[in-house]
Every structure is written in structure tokens, then in C-alpha cells.
Amino acid sequence: MHTGQTGHVELARAQQERWDSAYAKRPQLHGLEPSAAARQAVERFGAAGIDDVLELGAGHGRDALFLARQGFSVHATDFSETALDQLRHEAQREGLDDRVTAALHDVRDPLPPADGAVNAVFANLLLNMAFSPSELRSLVAEIRRVLSPGGVFVYAVWSTGDPCARDWRQLGDGLSVHDGFVGRFFDEDLVRELAEHWQLDELTPYHEGDRVLWRVGLTKQ
Ligand SMILES: C[S@@+](CC[C@H](N)C(=O)[O-])C[C@H]1O[C@@H](n2cnc3c(N)ncnc32)[C@H](O)[C@@H]1O
């Protein structure tokens, strides 16, 4: 893998193309059922009295649409316009377009919302994408910045306990590659490190299909 700023920019561009072509080739790539993390997030956001959610790395929107069906207002972002088009189309088809908005955004760039403007952030399998450690730390700091005090961040990531962690080819910098997709498997220490400055409410290992994941719940203090 290339290292340094230029290398990461090239990696990001290549990953954007990889995801875009995957969504173009196979619409609804992740299926129509919501993720296990989204099902659990609904409970958590509901208990906290939250009714609006910023979703990062939403893909074609299986979770954004699920959240909207449960009555949440969702602003979904991703860096694949192809996936977002599928999301918008489905939202319109289901009559949910008044509750779901979708915008192209690369989370390496600052998040658009103002400080403290968001009550909940949800990200299923985004943080384990091709980010350098410093990009990952900046992203988590940005999420904290846009959340209101007491705001909630729920995310899920691939775990080092996942069988794929052994099979994927190592690239260095903690990243691995398979079929052109680059990602990072998280150990518990990394989850805890990223939770510095937050209240860590939940750190749960779980299985989804044959994958092994972490589900993490954080509150901005
Ligand atoms: C494993 S998929 C998960 C999609 C969706 N959250 C789901 O569970 O159905 C990862 C998503 O992150 C998006 N992604 C990867 N890197 C990104 C970045 N730098 N900025 C925004 N989105 C990104 C990809 O386009 C893809 O849609």
C-alpha cells in the first residue's frame, strides 16, 4: 500500500470507485433487511427520545429506510452516488421521501452539520472501511463535534474475531484487502481508544451471518 497523504487520497479514490461499481453491478447489494445494529439502534434512540438520525456510510439505505419506517427522520450520506440513487428511488417508492434525505459525502471531509446540531449518529460497517488511524480518529472527533451534549453514536464494525481477518491479505497500517475492498478489523483496544472523551455505553461482540462484529454505543458527555 502507498503510505502518506497522497497514498491515502489514491486509496480513497480507488475505494469510492470500487464501491460505486459494486452497487451499479448489484443493486441492493446488502439486501433489503435492516442490519442487526439498526434494529438495536431503534430501541436505543427511542429510549433516549431521539427522532432524527444522521446515518454515515448508508449505502443503498436498507437501514435508513428501516429507521424511517419506524418514524425517524433520517439524513443518510455515503460516498457512492449510485447507492444513494437506489436509496432515493426506494424512499420515493415507499412514500418515505419526506422522512429520508440522502447526500453525497466522503467522511474524510468535515461533516456538514454545525456543532451540536445532531442528536444521533448511526454508522453500520463504515468505520471499518479504508481509513488511516488518523482519519479514523478525525472522523470520530467530527461525529462528537456535530452531536448535541447527551447525543448518541451507535456503530458496528468488523471484529478481529471475524474469520475473514485471517483470510484477507494484509496491506499494512492495520488494513486488509479482499476482492478490491479495503477494510480494518477492530480489536477491543481500538474500540476503547476511539471511545476516549465519550461515555462508552455498550461494547458487544455479536454474529451476523458468518461475520463477527462489534456493536458500540457511545454518548457525548
Ligand atoms: C460495508 S458497506 C455498509 C453499507 C450500509 N451501512 C449497510 O450496512 O447496508 C460500507 C459503506 O461505506 C461507504 N463508504 C466507504 N468509505 C466511505 C467514505 N470515505 N465516505 C463515505 N462513505 C464511505 C461505502 O460506499 C459503503 O456504502
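Ligand first: I find 18 residues surrounding it, with Y23, G57, R62, D78 and R108 the closest (a residue is near a molecule if one of its heavy atoms lies within 4 Å of it). This is a predicted model, where local features need pLDDT of at least 70, side-chain atom pairs count only at pLDDT 80 or more, and totals for chains, interfaces and linings use all residues. Numbering starts from 1 along each chain as its sequence is written, and side-chain values use heavy atoms, with hydrogens and water left out.

By class, I get 9 nonpolar, 5 polar and 4 charged residues in the shell. Ala, Val, Leu, Ile, Met, Phe, Trp, Tyr, Cys and Pro count as nonpolar, Asp, Glu, Lys and Arg as charged, and the others, Gly among them, as polar.

Next, polar contacts (pairs of N or O atoms within 3.5 Å). A polar side-chain atom of Y23 is 2.5 Å from a ligand oxygen. Backbone N or O atoms also reach ligand nitrogens: one of V107 at 3.0 Å and one of N124 at 2.8 Å. How much of the ligand does the protein bury? I read 98% of the 590 Å² that the ligand exposes when taken alone (Shrake-Rupley, 1.4 Å probe).

Then the strands (DSSP E runs of at least two residues, numbered from the N terminus; a pair needs at least two bridges). Strand 6 (residues 169-172) pairs antiparallel with strand 7 (residues 175-178) over 3 bridges, and G172 sits opposite L175. Their hairpin has 2 residues between the strands, and D173 takes a positive phi near 60°.

Strand 7 also runs antiparallel to strand 8 (residues 181-184), joined by 4 bridges. Here L175 faces R184. I note 2 residues between these strands as well, with D179 in the turn at a positive phi of about 55°.

Methods. A polar contact is a pair of N or O atoms within 3.5 Å; within protein, one must be able to donate a hydrogen and the other to accept it, and residues adjacent in sequence count only if both atoms are side-chain atoms.
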